Amino acid sequence: MMDSIVYHEFRDHDREVLTHNEATLMDALEAFAEIEDADPRLLIILAAARIETAIEQAIDVYAPKGRRMPHKFHSRVNYARQMWIVADDFVPYVRAIRKLRNIVAHRPTRRASVVDPECQSLIEQAFRYAEPVPIWPQPVPPSDDLRRCIFATCLAGVIAAEMDFFDPLGNLIPKGFETVCEWAGESPPSG
C-alpha cells in the first residue's frame, strides 16, 4: 500500500529500469513540481493539456483502426468511453477539468480566478472524483488548502489518464481513478 504518491520513492531505480507507469508517474510529478508554487491556474491548464493528449494517444493506440479521430474534445472523450479506453466515472472529472481550463485560460483575470464561485464549484466537483487517489497522505479539500487541493486534483487526473494498466489477457483496463487506486493499494470508493 502506498502512503502517498508524491512521496513515492524512486531512488532505488535508474530511469532506464523504471516500468512505463513508474516513468509516467515520475514525469508527471516532475512537471507538476516545477510549477507547484506558481499560479494554480497553470496547474489546471497543464493537467487539461496532458489529459487531452493522453486520451488522444490512447485512442490512437487502443481504438480500432480505420475510424477517424473525433475533432472535438467532448466527442473524443465519448468515443474513448465507448471503446473502453476511459472509465465511465472518469468522464465527469475530465469534463470538469476541461471546463475549468477553458474558464481560466479564456476569461479576464478577475473572472478566471480560482476563487470565483463557478471555478470553486468545478474544483470541488473535480476534487470529489479525484479524492480517493492518495496524492498526499490525507486528502486536502479545497476549504483547507486550495493550492494543494488543485495540485492533487490535477495530478490525480493526469496519472489516471497517462498510466496504462492491463488485465491478465493483455486488454487495456479503462483509465480512471479506480484503476489508479487499485495500483496504489488503496480501496476505491464504492458506488
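Predicted model: local features only at pLDDT ≥ 70, side-chain atom pairs only at ≥ 80, totals over all residues.
Let me start with the contacts in this protein: among those between residues at least 6 apart in sequence, 56% join residues at least 24 apart. The secondary structure comes to seven helices and zero strands, so that, read from the N terminus on, the elements run α-α-α-α-α-α-α. Of the 191 residues in the protein, 47% are buried.

Two packed helices are described by the angle between their axes and the distance between the axes. Helix α1, residues 20-35, packs with helix α2, residues 40-62, at an angle of about 155 degrees, and their axes are 10 Å apart. The crossing in which α1 passes α2 is right-handed. On the α1 side the contact is made by Asp27, Ala28, Ala31, Phe32 and Ile35, and on the α2 side by Leu42, Leu43, Leu46, Ala47 and Arg50. Sorted by class, this contact of α1 with α2 has eight nonpolar residues, no polar ones and two charged ones.

Staying with α1 for a moment, its 16 residues should span 22 Å at 1.5 Å a residue, and the end C-alpha atoms are 23 Å apart, which agrees. Which residues of α1 are buried? They are Asn21, Glu22, Thr24, Leu25, Met26, Ala28, Leu29, Ala31 and Phe32, and what covers them includes α2, α6 and α7. Ala28, Ala31 and Phe32, which are among these buried residues, also belong to the contact with α2. As a general point, an α-helix has 3.6 residues a turn, so residues three or four places apart point the same way.

The next pair is α2 with helix α3, residues 73-82, and here the packing angle is about 50 degrees, with the axes 10 Å apart. The two helices α2 and α3 are therefore oblique to each other, and their crossing is left-handed. Glu52, Ile55, Glu56 and Ile59 in α2 meet Phe73, Arg76, Val77, Tyr79 and Ala80 in α3. By class, the contact of α2 with α3 has six nonpolar, no polar and three charged residues.

The buried residues of α3 are Phe73, Arg76, Val77, Asn78, Tyr79 and Ala80, and they pack against α2 and α4. Just after α3 we come to Trp84, which takes a positive phi of about 60 degrees although Trp84 is not a glycine. For background, most residues other than glycine have a negative phi. Trp84 sits in the loop between α3 and α4, the latter being residues 91-106, and at 61% relative accessibility Trp84 counts as exposed.

That brings me to α4 and helix α5, residues 117-130, whose axes come within 9 Å and cross at roughly 150 degrees. The two are therefore roughly antiparallel to each other, and α4 passes α5 in a left-handed crossing. The residues of α4 that make the contact include Pro92, Tyr93, Ala96 and Ile97, while those of α5 include Glu118, Cys119, Leu122 and Ala126. Taken by class, the residues of the contact of α4 with α5 divide into 13 nonpolar, one polar and two charged.

Helix α6, residues 146-162, has 17 residues and reaches 24 Å from its first C-alpha to its last, close to the 24 Å expected at 1.5 Å a residue. How many of the 17 residues of α6 are buried? The count is 15 of the 17, so α6 is largely enclosed by the rest of the structure. Leaving aside its neighbours within four places in sequence, Thr153 is in contact with Tyr93, Ala126, Phe127 and Ala130.

I will finish with Gly185, which lies in the segment after α7, residues 177-184. Is Gly185 buried or partly exposed? At 38% relative accessibility, Gly185 counts as partly exposed. The C-alpha atoms of Gly185 and Pro134 are separated by 9.4 Å, although these two residues are 51 residues apart along the chain.

How values were computed: Residues numbered from 1 in each chain as written. Heavy atoms only, no water. Axes fitted to C-alpha atoms, helices over the stretch in contact; angles between N-to-C directions. Helix = DSSP H or I, 4+ residues; strand = E, 2+ residues; numbered from the N terminus. Left-handed = near helix turned anticlockwise from the far one by under 90°. Contact = heavy atoms within 4.5 Å. Nonpolar A, V, L, I, M, F, W, Y, C, P; charged D, E, K, R; others polar. Buried < 20%, exposed > 50% of the residue type's maximum accessible area, 1.4 Å probe, protein only. Expected span 1.5 Å × (residues − 1). Parallel < 35°, antiparallel > 145°, perpendicular 65-115°, else oblique.
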